[in-house]
Amino acid sequence: MTTNASRVLAHPSRDEIRVEGVLHALADPIRLRIVLQLAAAADEQACSHFDLPVSKSTTTHHFRVLRENGVITQFYRGTAKLSCVRTEDLDALFPGLLDSVLRGADLQARRLGGADASSVALSGTAAGRVEQP
């Protein structure tokens with residue numbers, strides 16, 4: 001498959017990912033919801049798959065923050081922009097961080113009345129996990 005250089009998205013290398021950037025990216029409820037949805041998926045997801053309560057331009061902003069802080073990777077397949085969590089990189093850099101956030105999201109969802117973690121993300125905090133392709 002031929003890749004058009006204008007369609008290649010910038011990502012930080014593993015060495016450029018910083019814990020404060022990851023935590024900042026995960027601190028927003030909409031971004032947490034995105035990560036949760038990616039975690040629940042069997043494979044990468046198209047941006048158009050997400051039903052978020054914000055405008056398209058704001059959705060684009062949230063995906064960019066996650067990508068630029070090394071939480072997700074994004075790539076084009078045809079005309080679809082696909083995303084997945086950078087699990088391998090995050091686990092190598094910050095062992096246990098992603099798992100701890102996932103456990104915390106599950107515990108919080110249960111504490112707040114059994115809501116699923118993605119709905120809890122809109123009212124507070126949560127996170128998710130998916131393997132990189």
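Buried means under 20% relative accessible area, exposed means over 50%, and partly exposed is in between (1.4 Å probe, protein chains only). The model is predicted, so local features need pLDDT of at least 70 and side-chain atom pairs count only at pLDDT 80 or more, while totals for chains, interfaces and linings use all residues. Residues are numbered from 1 along each chain as its sequence is written, and side-chain values use heavy atoms, leaving out hydrogens and water.

**First stop: Arg14.** Select Arg14, which is partly exposed at a relative accessible area of 31%. Glu88 is exposed, with a relative accessible area of 54%. Next, show Asp89, whose salt bridge with Arg14 has its closest N and O atoms 2.7 Å apart. Asp89 is buried, at 10% relative accessible area.

**Second stop: Glu44.** Select Glu44 with Arg77 to find another salt bridge, its closest N and O atoms 3.0 Å apart. Glu44 is buried, at 15% relative accessible area, and Arg77 is partly exposed at 44%.

**Last stop: the core.** Select Val22, Ile34, Leu66, Val71 and Leu90, which have the most contacts inside the largest nonpolar core, a set of 20 residues. Such a core consists of buried Ala, Val, Leu, Ile, Met, Phe, Trp, Tyr and Cys residues joined through side-chain atoms within 4.5 Å.

Definitions and conventions
A salt bridge is a side-chain nitrogen of Lys or Arg within 4 Å of a carboxyl oxygen of Asp or Glu.
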